[in-house]
Structures are given as C-alpha cells and as structure tokens.
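Me: I'd like to learn how to read a model like this one. Can we go through it together?

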Amino acid sequence: MAEMSGSRPTSERHIPVLKERCLMLLAPGFDAARGRGERPVVIDATLGMGGHSEALLQRHEDLHLIGIDRDEEALALAGERLSPFQGRTSLVHAVYDEIPDVLDELGIPAVHGVLMDLGVSSLQLDERERGFAYSYDAPLDMRMDTSRGQTAADVVNEYEEQDLIRLIRTWGEEKFAGRIARSIVSRRAETPFTTTGELVEAIRAVVPAAAARNSGHPAKRTFQALRIEVNEELDVLERAVPAAVDAIALGGRVVVMSYHSLEDKIVKRTFQSRSTSSAPHGFPVELEQHKPELKTITKGTEQPTEAEIAENPRAASARLRAAERIKDRRTA
C-alpha cells in the first residue's frame, strides 16, 4: 500500500499476532454460516492497522468484515490497506463495547465471528506524539481516540494522591504505587507534567534499581495503569466481551487476545459463565434455558511460539482464548 505521512507501508509496520491461529479458530464459524446458506460476517473489534482483517478477507472471498476502532488514524490506515476489498468491508469509528449499536446501524442481526486483539496497538506505540511509550520523550497523552476524553497529563496533574495510588496499584499491579504517587504529587506542585520523559524521571527517582533490573523498565506498570485509566479499557472490556458473545450466531466463534492478567481475567470470567449450565444444583432435568450458550475451544490460554515471538517481540505477552456459540441466540 502507499506510504502515509512519510512512514513505512502499514503492512510492514504491523505484524498480526497469532495470525494463522486466529484464522483457524474463526473459520468453523464461517463454515456454519455457509451451511445455513448465509453469507459469513466477522467483526474485527480492534481493527488497528488491519493486519488480521486483511488476512481474513484474503482467505475467505465471500466474507464481509466489520472493522471497529476508536482511533481515527488507525481507521484511515486500515482503510487504505483494505481498499482492494471495497464492497466487502464496513469500517466504523466506535469503541468495541458499542458492537450492538454498530450492528443495529448496519442492519446486521448477527455475525459469525468476532476477533479482539486487546491492549495498545503497534500504531499507537510507534507514533511518538501519542505518548504511549516510556522509551522516548513525548506529550503525555495516551488517548486511543484523540478526538475526546482526558489525557494522561490530566490524570497525573489532577488526581488526588490516594486515587493515583489506587489506579497504579490496581491497573498497573505496581508494588511501589505509594512511592510513585507521592513523587508525582510532589513534582507537580512545582511544575505540572506535560511529557512522558518528566513522568519517567519522577518514577525512576523512587523505584529501587534492583526492582527495575528484575521487572523491566521502572515506568512500565505505571504507564500501563495510566493507559487503562485514560481509555477506560477494563470497563469497556467488561461490556465488550458479553456484547461479542451476544452478537454471534449459532456455531459462530469469539477469539480474544489479551496482554496482561487483568484483561485475561475478564475474558475468562465471561467465557466460563456462559459455558456453564445455569441449572440449580441437584436439579433433576436441565431445561433448555439452563443449557450453556458457549463451549470453550482453547484449553486455558494459548501463547505464541518462540518463532512468532522472534518475528514479532510485541507478541510475547499475548494470551489467546476462544469460544463457540452452541445455543441459538433466540433461545438463550
């Protein structure tokens, strides 16, 4: 594809995580649709730069793809990448918990697959001015949708110390949350934070060097916490996974890749609850309304191979889960 803003082509900038495994897991849902005489439809709920979507459209010539992303720049890049498939795509600026609204607007009652690749995208990490990375200085933003919402600078400059401790400890799973929050509050009293470099400096000053050696960059967990807070990622995910399950037709599949334990717990909880009978304990007969809606396809989580990680180091923390609808939506 053509280069955009002087950068490399999108196909070179983005290597889809676990691409072949995702294609394999989603394919039976499309076959189920064809078996009923339906045209298969898939949602890429985190479109990003369109790598997974491109592969799906290439593999399945009758597939219609709905691509959702809150990042307008990602939508533009993906739109260029997917231009050869014009007429088979619907690209929508939305957050992925808005799946029901997107389908209503498109007049599509159900889909046959949903793919979610969670966390921060390659585009957002690579675009320095977005402020997602702690490895170089940039404006302290971290918004996935730069058209709305508070920035990371708003959070670190305006939240009370106890609120900063809570979010850094909870969302970042950072044991030095108290020290980091106190350092932030102390420094912002003199000069408000405006860049990632200033925040990294405040964190480095209070995280012991030994801890950094053992756990990676000292700002890693705090940046994760701020990104989750700014974009309301876990709240969105709590709504999005059930919405994805509700959207798929009989035989359809939901495939989710998460990148830290907080995300994976939400996915696991939804899949488990929907794949368990709701019949009261000791009930002699399992009624139709008590039967599980889903069956889990993956045993626990699947992880990238060493070869995949060597090709794409950002895939190292990926954890994949998949489930299939085994009960018709109309009787669920």
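Me: What pLDDT does the protein chain average?

Reply: pLDDT is the predictor's confidence in each residue, from 0 to 100. Here the chain averages 89, and 87% of the residues score at least 70. This is a predicted model, where local features need pLDDT of at least 70 and side-chain atom pairs count only at pLDDT 80 or more, while totals for chains, interfaces and linings use all residues. Residues are numbered from 1 along each chain as its sequence is written, and side-chain values use heavy atoms, leaving out hydrogens and water.

Me: Which elements have the lowest and the highest mean pLDDT?

Reply: Elements are DSSP runs numbered from the N terminus: helices (H or I, at least four residues) and strands (E, at least two). Helix α1 (residues 10–13) is lowest at 52, and strand β1 (residues 41–44) highest at 98.

Me: Why does Glu54 count as buried?

Reply: Buried means under 20% relative accessible area, exposed over 50%, partly exposed in between (1.4 Å probe, protein chains only). Glu54 has 18% relative accessibility, so it counts as buried. Glu54 sits in helix α3 (residues 51–59). Beyond four places in sequence, Glu54 contacts (heavy atoms within 4.5 Å) Arg81, Leu82 and Phe85.

Me: Which residues touch the most other members of the largest nonpolar core?

Reply: Such a core is a set of buried Ala, Val, Leu, Ile, Met, Phe, Trp, Tyr and Cys residues joined through side-chain atoms within 4.5 Å. In this one, with 67 residues, they're Ile99, Val111, Val114 and Met116. Helix α13 (residues 233–247) gives the largest share, nine residues.
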